[in-house]
Structure formats: C-alpha cells, structure tokens
Amino acid sequence: NLKKLSIIATLWRLFLGLQVSIFIIYVQSFLGKSEAHYGIFMTIVGIGSLLGSLIGPFVTKKVKENILIITGISFHYITFAILGFISNYYIATTIAFLSFMVFYLTLVSLHSIRDKSTKTLFRGRVYGSVTAFLTPPAIISMLLGGYIAEVFGVDKAIIIFGALSALS
C-alpha cells in the first residue's frame, strides 16, 4: 500500500506540483483577470479543499477506498486538464472549486490507507519524510510547467500536465 501511495504521490507532484504557481499566470494572462481575481480564485480553491476535507470522512464511510481514490484522483486530473480549454473566469473558478473539493475528499481515503499501512512506531518518520520525498518532483513540475507555459501558453501547459496526470 505504501509503495502504491508513493507512486501516486510522486506522479501527482510531478504532473501537478505546478498548480498553484501556474494558476496566477492562468488567471491573469489566459483569463485576463486582475490580481484580485487571482486572489478570489485561490480563495475559492481553498474553500473547495476545506469542504472536501470536511465531507471526506463521511464519503469514505459510504464508498470503498479504492473506488473513491481512482475516481477522485481521475476527476481532479481531468478537471485540471479541462481548465486549459476554459476561457471564462467564472466557469474556470467553479471547475477549480469542484476539482479541489473532490481531490481533498479523496485525500482522506489516501491518508486512511497510509495510516492503516504504517505501524504506529514508524508514522512520525513516514509523515516527516513525505515533504522531502515529494519536493524534487514538485520542483521539476514547476520548472517544466513554467517553461511549457512560456513556450506554448499556459492553457497548453495545463492541458498537457492534466493529460499526463490522468494517464498516470
């Protein structure tokens, strides 16, 4: 289980570690909105994340973990890719809200599997190593995402990285 979770987390970071840094370019350049709109966009993403975290434990009780993980992560990846096709700020904000709500709802199941698969004695080491383990793929993602956004456009970068994450 931990190997599977490690692969999922690494691929997520590799393909979508660029999300927060690329959203500012997406909102301001592609959608043509202001810094204030970017702030609202990210606030809505945060609210979706919070809501997903709050309802996750209830959904996890009703839906099998593996089904929730596959559908939830796939939904997040696909909706991220869809953002590259959306040029309306309000529709994009709604999609991002739903995407992050489902993603954080799914994280509850991922963390539940991690907790069940990790002996209490080792949990601190496992939790503590996650950031170090996922930072290199996140850095690669931000560098590649910024480069692809500059060369091909932020919309294409979002589509490419969303598609690659969905394929993973």
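What follows is a chat about a predicted model of one protein chain.

Visitor: What kind of model is this, and how are the residues numbered?

Guide: This is a predicted model, in which local features need pLDDT of at least 70 and side-chain atom pairs count only at pLDDT 80 or more, while totals for chains, interfaces and linings use all residues. Residues are numbered from 1 along each chain as its sequence is written, and side-chain values use heavy atoms, with hydrogens and water left out.

Visitor: What is the mean pLDDT of the chain?

Guide: The mean is 89, and 93% of the residues reach 70 or more; pLDDT is the predictor's confidence in each residue, from 0 to 100.

Visitor: And where is confidence lowest, and where highest?

Guide: Confidence is lowest in helix 1, at a mean of 81, and highest in helix 3, at 94. Helices here are DSSP runs of H or I with at least four residues, numbered from the N terminus.

Visitor: OK, the inside now. Which residues touch the most other members of the largest nonpolar core?

Guide: That core has 34 residues, and Phe-23, Tyr-26, Phe-41, Phe-80 and Leu-83 touch the most other members. A nonpolar core is a set of buried Ala, Val, Leu, Ile, Met, Phe, Trp, Tyr and Cys residues joined through side-chain atoms within 4.5 Å, where buried means under 20% relative accessible area, exposed over 50% and partly exposed in between, with a 1.4 Å probe and protein chains only.

Visitor: Which helix gives the most to this core?

Guide: Helix 5 does, with eight residues.

Visitor: What is Tyr-26 in contact with?

Guide: Leaving aside neighbours within four places in sequence, Tyr-26 is in contact with Leu-31, Phe-41, Leu-83, Ile-86, Ala-92, Val-154 and Ile-158, contact being heavy atoms within 4.5 Å.

Visitor: Back to helix 5: is Ser-99 buried or exposed?

Guide: Ser-99, which lies in helix 5, is buried, with a relative accessible area of 3%. Apart from neighbours within four places in sequence, Ser-99 is in contact with Phe-75, His-76, Thr-79 and Phe-80.

Visitor: What about Phe-103, buried or exposed?

Guide: Phe-103 also lies in helix 5 and counts as buried at 4% relative accessibility. Setting aside neighbours within four places in sequence, Phe-103 is in contact with Trp-12 and His-76. Phe-103 and Ser-49 are 54 residues apart in sequence, and their C-alpha atoms are 7.4 Å apart in space.

Visitor: And Ala-157, what does that touch?

Guide: Ala-157 is found in helix 7 and counts as buried at 0% relative accessibility. Not counting residues up to four places away in sequence, Ala-157 touches Ile-22, Gly-145, Ile-148 and Ala-149.

Visitor: Changing topic, how many salt bridges does the count come to?

Guide: The count comes to one salt bridge, defined as a side-chain nitrogen of Lys or Arg within 4 Å of a carboxyl oxygen of Asp or Glu. The side chains of Asp-155 and Lys-156 meet in a salt bridge at 3.2 Å, N to O. Asp-155 counts as buried at 13% relative accessibility, whereas Lys-156 counts as partly exposed at 41%.

Visitor: Why can such side chains pair?

Guide: Side chains of opposite charge can pair when their charged atoms come close.

Visitor: Last one: which residues form the nonpolar patch on the surface?

Guide: Leu-50, Leu-51, Leu-54, Ile-55 and Phe-58 form that patch, with about 480 Å² of accessible area together. Residues of a patch have over 30% relative accessible area and no salt bridge, with like charges joined within 9 Å and nonpolar side chains (Val, Leu, Ile, Met, Phe, Trp, Tyr) within 5 Å, and accessible areas come from the Shrake-Rupley method with a 1.4 Å probe, only the protein chains shown counting as cover for residues. Phe-58 is found in helix 3 and counts as exposed at 56% relative accessibility.

Technical notes: Helix = DSSP H or I, 4+ residues; strand = E, 2+ residues; numbered from the N terminus.
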